[in-house]
Amino acid sequence: MSIDAVPARSVDYNRVFAQAIDRLHEEGRYRVFIDILRNKGQFPNARCFAGHNGPKPITVWCSNDYLAMGQHPAVIAAMEEALHDVGAGSGGTRNIGGNTHYHIDLETELADLHDKEAALLFTSGYVSNEATLSTIARILPGCIIFSDELNHASMIAGIRHSGCEKRVFRHNDLAHLEELLAAEDPSVPKLIAFESVYSMDGDVAPIHAICDLADKYNALTYLDEVHAVGMYGLRGGGISERDDAASRLTIIEGTLGKAFGVMGGYIAADRTVIDVIRSYAPGFIFTTSLSPVLVAGALASVRHLKASTAEREGQQAAASTLKTLFADAGLPVMDTTTHIVPLMVGDPVKAKRISDILLREYGVYVQPINYPTVPRGTERLRFTPGPAHDTAMMQELTAALVEIWGRLELRKAA
């Protein structure tokens, strides 16, 4: 370097990072994680530690443990038994030391749940989506993935990491999907990726109609059932079981961390597809497997919900009651056909303020849902009532929301 050259000014990294956080605050979408503990066997009751001298009793309204199976005695007992039987950790990746008999039993149970030949466990639903979609598209030369515009971030990440071409179709728009399929070379591999229950709007995909298009254009299908497994169908197999469509789908993906109340993700498909993902997906191969303690709990939960419909029926009844109470009170509840109960706010700052007032003054915990989870201008509160939320709780919640809506002079339903 010439002695006359001026050295480049160094980057102020802290300033860049601070500005990034400042932008989130300015837009009203900085995320604050609550500090709580659930009370074993008493869900939805919990204790909040944030901003208090001691723990404050609260009621949880936004848990994805939809059926409170994380509190179920059979699940807890199975986890305790596994802990004392084999210890805490799995011992490594599935290839090295983490392929326990618990894992094998759960995969067999999940394959049966979805009427498929085999299943494969992952550490989360996010990982199962990302690893499977990115891997299967790489295996298929020239594959094009057709993705619903409201697909989860994990599906989008998997599609992006595959490096393949993608076509995004308007949400649940069959005409647009067919238009995109018809425009491609018939000889090119195709995969249609979509969800059954879309968790922010609470609507459902037309599975059979999408499968009809897949048959017509020789495409594979990938269905994300994370917000439906355990919740729908005679045995909790999801919307695909409820609608008798499971046999038409190439791959069904699900989670163990929502209705099943524990942790983990999985896919179910025929043996060859499962073997391909098992053998090629880095997100599976190079990750320590789920603790057998978690797997034992998930196994007990899946088995219980295959046999019991009480939890599903109680949850659906609670969701229906809450929607009616909100609507009768003039609150802007979004019309859904599922267990999701979204209350439209339309502004991130106001959504956060409502959430803060509910927690501080009423002991009600519900998180605001902001961009990028939902589009700007559609910010909302998302309630997930479960079988343990009784009518008195719902009436108190509704009264609190009516008071806050009036206090903040927010728009009510038309």
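Colleague: In which sense do strand 3 (residues 56–60) and strand 14 pair?

Modeller: This is a predicted model, in which local features need pLDDT of at least 70, side-chain atom pairs count only at pLDDT 80 or more, and totals for chains, interfaces and linings use all residues. Residues are numbered from 1 along each chain as its sequence is written, and side-chain values use heavy atoms, without hydrogens and water. Strands (E, at least two residues) and helices (H or I, at least four) are DSSP runs numbered from the N terminus, and two strands pair if DSSP finds at least two bridges between them. Strands 3 and 14 have two bridges, and their sense is parallel.

Colleague: Which are the edge strands of the open sheet?

Modeller: Four strands form this sheet in the order 1-2-3-14, with mixed pairing. Each edge strand pairs on one side only, and these are strand 1 (36–38) and strand 14 (364–365).

Colleague: Within what arc do the buried residues of helix 7 fall?

Modeller: Buried means under 20% relative accessible area, exposed over 50%, and partly exposed in between (1.4 Å probe, protein chains only). In helix 7 (residues 207–216), the buried residues are Ile 207, Ile 210, Cys 211, Leu 213 and Ala 214. They line one face because, taking directions from the helix axis to the C-beta atoms, they fall within an arc of 155 degrees.
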